[in-house]
Amino acid sequence: MHKLPADLESVIVSDKLVKSLWDDITPLARNEWICWVISAKKPETRARRIMRVKEELLEGKRRPCCWAGCIHR
């Protein structure tokens, strides 16, 4: 399991609804979101993915879309 990075954590905890949605998904789903974010090679891609985590959780998505999954399993 990956540790929640500070930049992603700050976006999650800054919005009570997003925090609630984050807490509601499974640990495996949270791990996949984290892995998806940390696997970005460029800082701008990572920043964009962090914002997408928030947006997609608010849209009701529980896992990263169109991503093969955590390669660290």
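Modeller: What follows starts with the aromatic rings and then turns to their surroundings. The model is a predicted one, and its count of aromatic pairs comes to one. That pair is formed by W33 and W36, whose ring centres are 5.7 Å apart and whose planes stand at 70 degrees to each other; because the centres lie within 6.5 Å and the angle is over 60 degrees, the arrangement counts as edge-to-face. Both residues belong to helix α3, which covers residues 27-38, and because they are three residues apart there, about one helical turn separates them. W33 is buried, with a relative accessible area of 0%, and W36 is buried as well, at 5%.

As for the chain around the pair, it has four helices and zero strands, and buried residues make up 34% of its 73 residues. The radius of gyration is 11 Å, which agrees with the value near 11 Å for a compact globule of 73 residues, while the C-alpha trace spans about 30 × 25 × 20 Å along its principal axes. Among contacts with a separation of 6 or more, 69% join residues 24 or more positions apart.

Note on methods. Residues are numbered from 1 along each chain as its sequence is written. This is a predicted model: local features need pLDDT of at least 70, side-chain atom pairs count only at pLDDT 80 or more; totals for chains, interfaces and linings use all residues. Side-chain values use heavy atoms; hydrogens and water are left out. Rings of Phe, Tyr and Trp (its six-membered ring) pair if their centres lie within 6.5 Å; planes under 30 degrees apart count as stacked, over 60 as edge-to-face and the rest as tilted. Helices (H or I, at least four residues) and strands (E, at least two) are DSSP runs, numbered from the N terminus. Buried means under 20% relative accessible area, exposed over 50%, partly exposed in between (1.4 Å probe, protein chains only). The radius of gyration is taken over C-alpha atoms; the globule rule is 2.2 Å times the number of residues to the power 0.38. Contact means heavy atoms within 4.5 Å.
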